[in-house]
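Biologist: Hi, I'm new to this one. Can you put it up on the screen and walk me through it?

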Amino acid sequence: MNIALLAELYWTYVKIGFTSFGGISMIPVLSNEMLTHGWMNMQEINDIIAIAEMTPGPLGTNCASFVGTRIAGLMGCIIANLGVLTPTLTLTLISAFFLEKFKNSHILQNMMTGIRPAACALIAVTILSLSQENYMWNGSLSIPAVAVGVIDYVLLSVLKLPIPLTILISATMGLFLLR
């Protein structure tokens with residue numbers, strides 16, 4: 001086991017985790033690091049990103065799993081994932097410490113009173129934006145799309161079907177109802 005390689009892999013993914021904000025913002029940093037270290041060429045990077053995007057889960061951990069395994073086997077996979085998760089875990093622990101330490105602070109309570117509605121507004125805007133994209137067709141409400149959404153709700157919430165099965169059913173309905 002090459003300790004220096006594992007340390008370099010860990011540090012590389014710590015940098016990726018700290019300098020990007022997840023998702024596609026991670027791709028330029030990831031590409032640069034892989035090319036700089038000579039671990040992959042551009043075609044291999046594109047392949048890894050394509051596979052990571054198709055695989056369930058966050059892009060960062062998926063890429064860390066694939067690259068770490070390729071570079072240093074199972075231990076490389078574990079080390080790369082620890083590296084990409086270190087920034088998130090560190091910031092979460094620091095936030096939890098300060099939230100616990102100052103939970104009775106009036107300033108923190110006032111801040112949280114402002115943050116909660118802002119977070120709810122961001123969620124509402126996202127829902128509205130996605131709803132317009134998914135349930136509108138040529139400027140009018142798509143009844144078949146709404147029907148698929150309602151059926152999905154029933155499949156997931158009432159019948160408790162597994163998500164992959166619900167996705168398969170939804171895709172089939174979409175093919176026939178929405179063409």
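This is a predicted model: local features need pLDDT of at least 70, side-chain atom pairs count only at pLDDT 80 or more; totals for chains, interfaces and linings use all residues.

Biologist: Which side chain does Glu-33 meet in a salt bridge?

Modeller: Glu-33 pairs with Lys-15, at 3.6 Å from N to O. Glu-33 sits in helix α2 and Lys-15 in helix α1, so the bridge ties together parts that are 18 residues apart in sequence.

Biologist: Is Glu-33 buried or exposed?

Modeller: Glu-33 counts as buried, because its relative accessibility is 10% and the cut-off for buried is under 20%. Lys-15 has 28% relative accessibility, so Lys-15 counts as partly exposed.

Biologist: OK, and what does Arg-70 meet in a salt bridge?

Modeller: That would be Glu-44, with 2.7 Å between N and O. This pair links distant parts of the chain, as Arg-70 is in helix α4 and Glu-44 in helix α3, 26 residues apart. Both side chains belong to partly exposed residues: Arg-70 has a relative accessible area of 43%, and Glu-44 has 26%.

Biologist: Which residue forms a salt bridge with Glu-100?

Modeller: Lys-103 does, and the closest N and O atoms of that pair are 2.9 Å apart. Lys-103 is partly exposed, at 44% relative accessibility.

Biologist: Let's zoom out. How many helices and strands are there in the protein?

Modeller: You'll find 7 helices and 2 strands. Starting at the N terminus, the order is α-α-α-α-α-β-β-α-α. The radius of gyration is 22 Å, well over the 16 Å from the globule rule for 179 residues, so the protein is more spread out than a compact globule.

Biologist: What does the C-alpha trace span along its principal axes?

Modeller: About 60 × 50 × 30 Å.

Biologist: And how is the protein divided into domains?

Modeller: Domain 1 covers 3-91 and domain 2 covers 105-177. Their C-alpha centres lie 30 Å apart.

Biologist: What about burial and surface?

Modeller: Of the 179 residues, 26% are buried. The accessible surface comes to about 12,000 Å², and 72% of that belongs to carbon and sulfur atoms. As for contacts with a separation of 6 or more, 44% of them are between residues 24 or more positions apart.

Biologist: How many residues are in the largest nonpolar core?

Modeller: It has 19 residues, and Tyr-13, Leu-30, Met-34, Met-40, Cys-63 and Val-67 are the ones with the most contacts inside it. Helices α1 (3-19), α2 (27-37), α3 (42-54) and α4 (59-101) each supply at least two residues of this core. The largest share comes from α4, with 7 residues.

Biologist: Pick one of those. What does Met-34 touch?

Modeller: Leaving out residues up to four places away in sequence, Met-34 touches Thr-12, Tyr-13, Ile-16, Trp-39, Met-40, Ile-45 and Val-67.

Biologist: Now the start of the chain. Where is Met-1 found?

Modeller: Met-1 is in the segment before α1. It is exposed, with a relative accessible area of 75%. Not counting residues up to four places away in sequence, Met-1 touches Leu-6 and Met-75. Met-1 and Met-75 are 74 residues apart in sequence, yet their C-alpha atoms are 8.6 Å apart in space.

Biologist: What about phi of Lys-160?

Modeller: Phi of Lys-160 is near 55°, again positive in a residue other than glycine. Lys-160 lies in the loop between α6 (143-158) and α7, and it is exposed, with a relative accessible area of 61%.

Biologist: Last one: what is Ser-170 in contact with?

Modeller: Val-148 and Asp-152, leaving aside neighbours within four places in sequence. Ser-170 is in helix α7 (residues 163-177). With a relative accessible area of 15%, Ser-170 is buried.

Methods. Residues are numbered from 1 along each chain as its sequence is written. Side-chain values use heavy atoms; hydrogens and water are left out. Domain bounds come from an automatic or database domain assignment. A nonpolar core is a set of buried Ala, Val, Leu, Ile, Met, Phe, Trp, Tyr and Cys residues joined through side-chain atoms within 4.5 Å. Buried means under 20% relative accessible area, exposed over 50%, partly exposed in between (1.4 Å probe, protein chains only). Helices (H or I, at least four residues) and strands (E, at least two) are DSSP runs, numbered from the N terminus. Contact means heavy atoms within 4.5 Å. The radius of gyration is taken over C-alpha atoms; the globule rule is 2.2 Å times the number of residues to the power 0.38. Accessible areas come from the Shrake-Rupley method with a 1.4 Å probe; for residues, only the protein chains shown count as cover. A salt bridge is a side-chain nitrogen of Lys or Arg within 4 Å of a carboxyl oxygen of Asp or Glu.
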